[in-house]
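Please read these notes with the model open beside you. They cover rings, charges and a few helices.

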Amino acid sequence: MTEAYPIRIGTRGSKLALAQAQEVRARLMKAHALPRDAFAIEVMSTAGDRIQDRALSEVGGKGLFTQEIEDGLNDGRLDIAVHSSKDMATTLPHGLHIGAYLQREDVRDVFIGRLAPSLQELPPGAVVGSASLRRQALIRRMRPDLNVIIFRGNVQTRLAKLDNGAADGTLLAMAGLNRLGMADVATQVLDPETFPPAPGQGAICIECRIADERIERLIAPLDHAPTHAALTAERAFLRRLDGSCRTPIAALARLEGDGLGLHGMILTPDGTRMFEGRMSGPVAEAALVGDALGAALLDRAGPDFFSGWGG
């Protein structure tokens, strides 16, 4: 082992975050025929993990789950960082970029019910917990008679809250449950056509320093081109809308033959107003497709759509 090892992998400390970091380590070991001790997983505590009593929109948004890890990249304590792509801000800190996306997992949301197996079967007034403004808005649009509350915490914490009666149901990402071997807890899988995911949902990304050629070469074999193209479109859509944890925004890009199709949606938090659209184009122009769809929805919604409630 040379002095250039171990490669230090930064991650949050939840079971899901650790599973994702371990998956990246395993893929890197296989791609480069390296032993396990060529990599060190470094657990970082982020503000998003520590603050559990308020909505993310009240305390800073997406960067709360990445800032401490990105500080570690910039000051040299870490070599790469592993994130859930949907946690990433559209503008990254100076000197950093997303160098690779692993092949995307299931993009769908799932409902986990204790009072009823599906959102449609919940009785009026039932309590559904979610930390996501997008999920909250979509639930309210589908079932305005439900009581939607803020539900923070990792997968295990939310399920424990559910079991303790804090809510009658909650929503989680199927991808996370699959990675934890917990898919069986889902009582309903939601159709992404009517309940579209967050931009980036289901995809693990690897962040690193720009122009760190050694690390770029190391992670290059893990980059899945179709996922990279889809996420490029979704993130461009989000960037045009200035999206954050303060704005209910959904997007899903899929490759269609030689091209790419993007479905995007914006909502008010109460779910009463919604604009959605679709756009397609060449894979090589994924960013342009995302930006154009974002601009089109903004034009339809009007300049004041996000004002007053965006925070």
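1. Start with the charges over rings. The charged end of Lys161 sits over the ring of Phe151, 5.4 Å from its centre. Arg214 lies over the face of Tyr5, at 5.0 Å from the ring centre. The rule asks for NZ of Lys or CZ of Arg within 6 Å of the ring centre and within 35 degrees of the ring normal.

2. A word on the basis. This is a predicted model: local features need pLDDT of at least 70, and side-chain atom pairs count only at pLDDT 80 or more, while totals for chains, interfaces and linings use all residues. Residues are numbered from 1 along each chain as its sequence is written, and side-chain values use heavy atoms, leaving out hydrogens and water.

3. Aromatic pairs. Rings of Phe, Tyr and Trp (its six-membered ring) pair if their centres lie within 6.5 Å; planes under 30 degrees apart are stacked, over 60 edge-to-face, and the rest tilted. The count by this rule is one aromatic pair. Phe275 and Phe305 form it, edge-to-face, at 5.6 Å centre to centre and 80° between the planes. The pair links distant parts of the chain: Phe275 is in strand E13 (residues 274-282), and Phe305 is in the segment after helix H10 (286-301), 30 residues apart. Helices (H or I, at least four residues) and strands (E, at least two) are DSSP runs, numbered from the N terminus.

4. Burial of that pair. Buried means under 20% relative accessible area, exposed over 50%, partly exposed in between (1.4 Å probe, protein chains only). Phe275 is buried at 16%. Phe305 is buried at 2%.

5. Helix H6 (residues 155-163) holds Arg158. Arg158 is buried yet has no salt bridge; Asp87, the nearest side chain of opposite charge, is 8.0 Å away. A salt bridge needs a side-chain nitrogen of Lys or Arg within 4 Å of a carboxyl oxygen of Asp or Glu. For charge, Lys and Arg count as positive and Asp and Glu as negative; His and the chain ends are not counted. Arg158 touches residues including Arg135, Phe151 and Leu171 (contact: heavy atoms within 4.5 Å).

6. Helix H5 (residues 133-142) is mostly covered, with seven of its ten residues buried. At the start of H5, a side-chain oxygen of Ser132 comes within 3.2 Å of the backbone nitrogen of Arg134.

7. Asn178 lies in helix H7 (residues 174-179). Asn178 is partly exposed, at 27% relative accessibility. Asn178 and Asp106 are 72 residues apart in sequence but 8.2 Å apart in space, C-alpha to C-alpha.

Technical notes: Polar contact = N/O pair within 3.5 Å; in protein donor to acceptor, adjacent residues only side chain to side chain. Lists of a residue's contacts leave out its neighbours within four places in sequence.
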